[in-house]
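Work through the exercises below with the structure in view. Each task is followed by a solution in steps.

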Amino acid sequence: MTPRLHLLAAAALLTAGAQAQTLSGWALLPAATFADGPTSGQFAAPNPYGTNLPPFIDKQPVQGFSGVLAGPRAGSFHMLVDNGFGGQANSADALLRAYAVQVDWRTKFGGSGTVRAADWATGRPRAAFDARTRLQLNDANRLLQLPIQADYTHYYDNPANPQVPEGIRAGRLLTGADFDIESIRRDRAGNLWFGDEFGPYLIKTDAQGTVLRDAIVLPGVYAPEHRDVRAGTATANLGGSGGFEGMALNASGDKLYTLLEKTVAGDTAKTLRIDEFDLASEAYTGVQFFYPLDTAGTAIGDMVAVDDHRFVVIERNGGTATSGTPFKKLYLIDITGLASGGTVAKTELVDLMNIADPDDLNGDGSTVFTLPYVTIENVLVLNRRTLLVANDNNFPYGGGRELASDNTEFIRIALPAPIGR
């Protein structure tokens, strides 16, 4: 079967009836989950719900998951933490990390539905989120050609602010004022690639999180946080934090596909650029596609490859169970035969607000599962008929399910038809 016919056949099965997708596993990581580290949240706004109030003394929240990779052991995953508290101006004390977790899925056959800390290298459960459970991004070799918080004596280079801890300065640890990392991929050599929203930049590190080269710019695209915009040598043409929310590594392992979260000025309204990046030459190829947002959609949350030409994309709006009308969906897109500059076709794969839950795995008393969080930024293909999805809980804020800090929910979705071959 050709890729196009396969896509059409899958679409026919997936749209055959409501709730064609089924919740096959569910687990929860509580909002107030922390790891050791320097005090964080000193520049963050108070939580309007009155709980989990920053700052967090001598600890870092394990929160804001914005990218996922398969871990070294069944049920283990490597989860990327984004910039911290939502912006460049409030996240200087939030360290850029990724954590290993072990998920004990609640299924119809049992299971606790809990998420535990895990050893980064082995995936085996650990008692707490400590140094063995994480990757810490750093510029120990001084390869980044832009100032970072570790270069300063005081946060934001302002003597009125607290001093930057010696551990950050000595290790040249990266923080949420340096980059807003929203996507992560591992190449065939074991190196890691991070998609950033402030440039937008691509950041390459080794397997331990140490930067291997200067941040790579996307030619002609400038967010307000871009170093050239801040230096006054370029004009922003992309909304703030509008960079690489999604980034996929194709099945062959030779190309990255970066997906912007916001529309570049001058492009067709509600279209987002997908740019092809060649890993061998470490350069953009010039091949570019456009992703069209749904009428109800306002942003994307993640993108993962199914093979060399098909990808799953999370699309959403800002609605939640407590505010507005949530729109949260997964789409399958295909670039087979599409000329550079073309707009991808989309097929709805999963409506995250309408998933069959016959066994009420999350215990809410309903046989229809919904995932109504503001941001849902993690999707992983577990096998041809199963997807993992998790939300970014934007700690300490929330309002997804209730007027309180959001938890992080991990869900496993069984599809009625395979999306791979």
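**Exercise 1.** State which residues the ring pairs link into a cluster, and classify the pair of Phe34 and Phe395.

Solution. In this predicted model, ring pairs join Phe34, Phe56, Phe85 and Phe395 into a cluster. The structure has twelve aromatic pairs by the rule used. For Phe34 and Phe395, the ring centres are 5.8 Å apart and the planes stand at 80°. Planes over 60 degrees apart count as edge-to-face, so this pair is edge-to-face.

Phe34 belongs to strand β2 (residues 34-36), while Phe395 is in the loop between β24 (386-392) and β25 (408-414), so the pair ties together parts 361 residues apart in sequence. Phe34 is partly exposed at 22% relative accessibility, whereas Phe395 is buried at 0%.

**Exercise 2.** Classify the pair of Phe56 and Phe85, and say where each residue lies.

Solution. The centres are 6.3 Å apart with 25° between the planes, and the pair is stacked. Phe56 lies in the loop between β2 and β3 (59-61), and Phe85 in the loop between β5 (76-81) and β6 (97-104), 29 residues apart. Both Phe56 and Phe85 are buried.

**Exercise 3.** Find the charged end that sits over the ring of Phe34.

Solution. The charged end belongs to Lys59, 4.2 Å from the ring centre of Phe34.

**Exercise 4.** Describe the cavity and its lining.

Solution. There is one cavity of 30 Å³ or more, and the largest cavity holds about 50 Å³ of space. Its lining includes Phe85, along with Gln60 and Pro61. By class, the lining has five nonpolar, four polar and one charged residues.

Notes
Residues numbered from 1 in each chain as written. Predicted model: local features only at pLDDT ≥ 70, side-chain atom pairs only at ≥ 80, totals over all residues. Heavy atoms only, no water. 1 Å grid on protein atoms, 1.4 Å probe; cavity = no way out; pocket = protein on both sides within 12 Å on 5 of 7 lines; lining within 4 Å. Points joined across faces, edges and corners; volume = space filled by probe spheres on them. Nonpolar A, V, L, I, M, F, W, Y, C, P; charged D, E, K, R; others polar. Phe/Tyr/Trp six-rings, centres within 6.5 Å; stacked < 30°, edge-to-face > 60°. Helix = DSSP H or I, 4+ residues; strand = E, 2+ residues; numbered from the N terminus. Buried < 20%, exposed > 50% of the residue type's maximum accessible area, 1.4 Å probe, protein only. Lys NZ or Arg CZ within 6 Å of the ring centre and 35° of its normal.
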